[in-house]
Amino acid sequence: MKSPAATRTILQKLYLQHPDADTELIYTTPYELLVATILSAQSTDAGVNRVTPALFKRYPNAKTLADAAATELEPMIHATGFFRSKAKSLMGMARALMERHQGEVPRTMVELVELPGVGRKTANVVLGHALGVPGLPVDRHVLRVSNRIGIAESDDPVLVEQQLTKKLPPTEWTKASDTLILHGRRICNPKPLCEICSVREDCDYYRLVISRERVKLKVKVKVTEKGKGKGRRVLKPKRNLK
């Protein structure tokens, strides 16, 4: 696993490649971002953004959402998938906000993860983007990219969060997460576009997997070309006997 100094250098390169990195969820208040992030589970941010305008108009705050009826809420979020469990989480979260926090979104990880439907990833998103509290959300993109590059080493989101936050100043946590997520969506997807990656030369996956595969392919091509014509019968022109 790479050192803190190497990790910071790599992320500086990624910041330059993705200067627009930020959450793609559209929101105006911590409450709206909390709702949108809960809805984003197993869904795309674009898909969530399509349903939230009408949702926030109907339920503009925790009080209105706490009083919602499942029969009305579920159809409004149906397109995001798992709408029944998400509706249950949203209503439970809103009721907890009203009962414990006077309808306001709390500013600590401990209080946030006690809300129904809220895990560390969701809490970190809200803390870092809406509340100005350092947080480093770890989703599947952060897991894939950080492990491939070699700046983290685990399939456990909590461990990866711990590894990255130890190497970076708190002021960079949210930016680092946004950048790794965007890099995972645009470039380092399951079939990576290594040719346009700014940290290709720093990447363990490129060095240990992609480069070796390319060397094997070149060797195979050379062997194939060398063997062309082998075993073929070469026809010589007939002699002119006249």
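Arg148 lies over the face of Tyr205, 4.5 Å from the ring centre. A charge counts as over a ring if NZ of Lys or CZ of Arg is within 6 Å of the ring centre and within 35 degrees of the ring normal. Arg200 sits over the face of Tyr206 in this sense, at 5.7 Å from the ring centre. The model is predicted, so local features need pLDDT of at least 70 and side-chain atom pairs pLDDT 80 or more, while totals for chains, interfaces and linings use all residues. Residues are numbered from 1 along each chain as its sequence is written, and side-chain values use heavy atoms, without hydrogens and water.

Tyr205 belongs to helix α12 (residues 204-226). Helices are DSSP runs (H or I, at least four residues), numbered from the N terminus. Tyr205 is partly exposed, with a relative accessible area of 25%. Buried means under 20%, exposed over 50%, and partly exposed in between (1.4 Å probe, protein chains only). Tyr205 touches Arg148, Pro192 and Ile210, leaving aside residues up to four places away in sequence. Contact means heavy atoms within 4.5 Å. Pro192 is 13 residues from Tyr205 along the chain, and their C-alpha atoms are 10.0 Å apart.

Helix α10 spans residues 157-167. Its buried residues are Val160, Glu161, Gln163, Leu164, Thr165 and Lys167. These buried residues pack against α1 (4-17), α8 (120-130), α9 (140-149) and α11 (173-186). At the start of α10, a side-chain oxygen of Asp156 comes within 2.9 Å of the backbone nitrogen of Val158.

Methods. Helices (H or I, at least four residues) and strands (E, at least two) are DSSP runs, numbered from the N terminus. A polar contact is a pair of N or O atoms within 3.5 Å; within protein, one must be able to donate a hydrogen and the other to accept it, and residues adjacent in sequence count only if both atoms are side-chain atoms.
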